[in-house]
Amino acid sequence: MASVTMADVAKLAGVSKSTVSQFLNKRYHYMSEETKSRIEQAIHELGYSPNAVARSLRQKKTQTIGVIVANILHSFSTEVIRAIEDTCHAYDVHVIVCNADNDPQKEKKYVEMLRAKQVDGLIVFPTSDNKELFNGLVAAHFPLVFIDRLIHGVPVNAVLADNEEAMRLAVNALAESGRRRIGLVLPPLLEEITPRMERRDGFMKAISEAGLEYEEAYVAAGQVEEAPHFLADMLALPTPPEAVIAGNDLVLYELLRSIKQQKIDVPEQIALIGIDDVTFADFFNPSITTVAQPTFAMGHKAAELLLQEINGGKKHSEIRTHRFQPTLKCRQSC
C-alpha cells in the first residue's frame, strides 16, 4: 500500500501543497478556520504522518536537542531536566537525555553521538576535561549552553545558582538560631565541579561575615559514602560542632541515614541544613531545613537560551553567566 503524501492531503482538502505545509509548520497566518478544519480532517481520514527526516532536510533542523547531565541521581538534575523538557515541549522540540556519570570520556562519546544524530544544540552539565571539544563546538557555531558548572575559557552562556548566597543563607540561619560552631560536609572538592568549590569558599566567607570562628576540623570533603564517618569524627571532637551543613542532596541523604542509625538528636545534639531541597525534607522527623535552588527557573532559562541560539539569536557580546538566587526553606532541623 502506497504511503500517504502531502499531495494526497492537499487534494482531499481542496488546497495547495504549500497551504498544507504551512499548516503542518503551524504557520496559520491568512489561513481561515474553515481551511484549517478541512486540512485537519483530511490528515485524520488519510492517516497522514509527516516525514520527519524529509522535513529536517528541508529546514536544516531536527527539532531535537541533547542534554548531557553529569549525575542524574541528583534531585537537582532531574528537576532541571524536567523544566528543560517542559520548555522544549512548548516549542515542539524533542529532548534526548544522556547521563555522563561525571566521566569525561563518556561525556565526549555522548557529544559525538548526539552530533551524529544531528541534534540542533546541546545543554551540558560539563566535566572539565573536554575543553578542546567544547571550544570546537563554539568555533563551529554549534548552539551550546552550560548549566550548574563553568569551564573557564569556553565562551558559552551558562546557568548557575548563586552558591555563595546559598551558603550565606545556611550559615546565617544557624547563627540566628544561636549556633556558633558550624560544620560542613561536601562531596570530593574538584576544581572542575563549580558548585562544590563555590560552596566551600562561600561557607568560609559566610562564617567570617557572621563573626564566627572558622574551624578546619569542622569541614570535610570526600566520597558521599564517607559522610557518616565525617560526622562521627566531628561529634567525637573535644568541642564538637553545634550544627552541620550538607553540601548537596546526596550528602544529606547519607547524613540522615547515619543520624537515624546512631539515634542522634536533631536539632538538640546537632542542627542540620541541606543544600538542595529534597522531596523527603518535610517527611523526615524532624523536618529538614534546606536551601533550595530554583531548579525549574534554571532549566527553563537554559532551554530558552539554547533555543534562541538555535534560531540565530546569540551574539558573542551577549554571552554571560546567568545566576539564580536560592531560597531558605525553614523547617525543624535547626
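What is the handedness of the crossing of helix 5 and helix 12? I opened my notebook with that one, and the crossing turns out to be right-handed. A reminder to myself: this is a predicted model.

**Entry 1: the helix pair**

I looked up how the two helices sit together. Helix 5 and helix 12 pack at an angle of about 45°, and their axes are 7 Å apart. That angle makes helix 5 oblique to helix 12. Next I listed who makes the contact. From helix 5 I noted Phe76, Glu79, Val80, Arg82, Ala83, Ile84, Thr87 and Cys88, and from helix 12 Thr295, Phe296, Met298, Gly299, His300, Ala303 and Glu304. Sorted by class, this contact has 8 nonpolar, 4 polar and 3 charged residues.

**Entry 2: helix 12 by itself**

I then followed helix 12 along its length. I checked which residues are buried and found Thr295, Met298 and Gly299 among them, along with Leu305, Leu306 and Leu307. The buried residues of helix 12 pack against several elements, including helix 5 (75-90), strand 1 (64-69) and strand 11 (321-324). After the helix comes glycine 312, with a positive phi near 80°.

**Entry 3: threonine 194**

I moved on to helix 9 (residues 194-209), where threonine 194 has its place. Buried or exposed? Threonine 194 counts as buried because its relative accessibility is 9%, and the cut-off for buried is under 20%. Setting aside neighbours within four places in sequence, I found threonine 194 in contact with Asp148, Arg149, Leu150 and Leu160.

**Entry 4: the loop between helix 11 and strand 9**

Lysine 263 lies in this loop. Its phi is positive, near 55°, and lysine 263 is not a glycine. I also noted that lysine 263 is exposed, at 73% relative accessible area. Proline 267 is found in the loop between helix 11 (249-262) and strand 9 (271-275) too. A cis peptide bond joins proline 267 to valine 266, with omega about 5°.

**Entry 5: the loop between strand 9 and strand 10**

Here I looked up aspartate 276, which lies in this loop. Aspartate 276 has a positive phi of about 95° although it is not a glycine. With a relative accessible area of 4%, aspartate 276 is buried. Proline 286 also lies between strand 9 and strand 10 (289-292). The bond that joins asparagine 285 and proline 286 is a cis peptide bond, with omega about 5°.

Methods. Residues numbered from 1 in each chain as written. Predicted model: local features only at pLDDT ≥ 70, side-chain atom pairs only at ≥ 80, totals over all residues. Heavy atoms only, no water. Buried < 20%, exposed > 50% of the residue type's maximum accessible area, 1.4 Å probe, protein only. Helix = DSSP H or I, 4+ residues; strand = E, 2+ residues; numbered from the N terminus. Contact = heavy atoms within 4.5 Å. Axes fitted to C-alpha atoms, helices over the stretch in contact; angles between N-to-C directions. Parallel < 35°, antiparallel > 145°, perpendicular 65-115°, else oblique. Left-handed = near helix turned anticlockwise from the far one by under 90°. Nonpolar A, V, L, I, M, F, W, Y, C, P; charged D, E, K, R; others polar.
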